[in-house]
Amino acid sequence: MKTLNIAAFDLGGSGGKVQLGSYDGRTLRQREILRFKNGTISIHKDQYWDFFGICHAFAQGLGKAAAECHGALSAVGATTFGHNIVLFDRAGRPYTPPYAVYPQRMDSAMAAVRAQISPLQ
């Protein structure tokens, strides 16, 4: 059996890590590739996740994981603390970083999004 290599991203409220799992048909191995801090940034008195810092850490971790298995990654997975929404424009640029602490004005955000786009079928 060909060895399956899986890069796994775990993003928590204060930090994150990238791990590499390998399965050769008999043995499952796991090792930590990268650990990084996850924090917030303050813009106009609101707290946001450092979206670009998180993207940089994930890219760095993915590169290290791919190098460990000589580019033979079979899958990539991610899990996060909580749930956040980042809206992107047609060019792939985020409109705004995700809020770390949701202000009251965000309560109607999903209704506004649903009014603009149809749900996936």
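## Exposure and salt bridges

A residue counts as exposed when its relative accessible area is over 50%, as buried when under 20%, and as partly exposed in between. Arg-35, at 55% relative accessibility, is therefore exposed. Keep in mind that this is a predicted model.

Arg-35 pairs with Glu-32 in a salt bridge, 2.7 Å from N to O, and Glu-32 itself is partly exposed at 41%. A search of the whole structure turns up five salt bridges. Another one of them joins Asp-89 and Arg-93 at 3.0 Å, N to O; here Asp-89 is buried at 18% relative accessibility, while Arg-93 is exposed at 53%. Then there's Lys-17 with Asp-10, whose closest N and O atoms sit 4.0 Å apart. Asp-10 is partly exposed, with a relative accessible area of 31%.

## Helix α1

Helix α1 covers residues 51-68, and its 18 residues should span 26 Å at 1.5 Å a residue; the end C-alpha atoms are 26 Å apart, so the two agree.

Phe-51, Ile-54, Ala-57, Gly-61 and Ala-65 are the buried part of α1. Looking down the axis, the buried residues fall within an arc of 125°, so they line one face of the helix. Their cover includes strands β1 (4-11), β2 (15-23), β3 (28-37) and β5 (46-49). Over on the other side of α1, you'll find Phe-52, His-56 and Ala-67 exposed. Just past the helix, His-70 takes a positive phi of about 55°.

## A nonpolar patch

Met-1, Leu-4, Tyr-23 and Leu-28 make a nonpolar surface patch of about 430 Å². Leu-28 belongs to strand β3 and is exposed, at 67% relative accessibility.

Methods:
Residues are numbered from 1 along each chain as its sequence is written. This is a predicted model: local features need pLDDT of at least 70, side-chain atom pairs count only at pLDDT 80 or more; totals for chains, interfaces and linings use all residues. Side-chain values use heavy atoms; hydrogens and water are left out. Helices (H or I, at least four residues) and strands (E, at least two) are DSSP runs, numbered from the N terminus. The expected span of a helix is 1.5 Å times one less than its number of residues. Buried means under 20% relative accessible area, exposed over 50%, partly exposed in between (1.4 Å probe, protein chains only). The arc is that of the directions from the helix axis to the C-beta atoms. Contact means heavy atoms within 4.5 Å. Patches are made of residues with over 30% relative accessible area and no salt bridge: like charges are joined within 9 Å, nonpolar side chains (Val, Leu, Ile, Met, Phe, Trp, Tyr) within 5 Å. Accessible areas come from the Shrake-Rupley method with a 1.4 Å probe; for residues, only the protein chains shown count as cover. A salt bridge is a side-chain nitrogen of Lys or Arg within 4 Å of a carboxyl oxygen of Asp or Glu.
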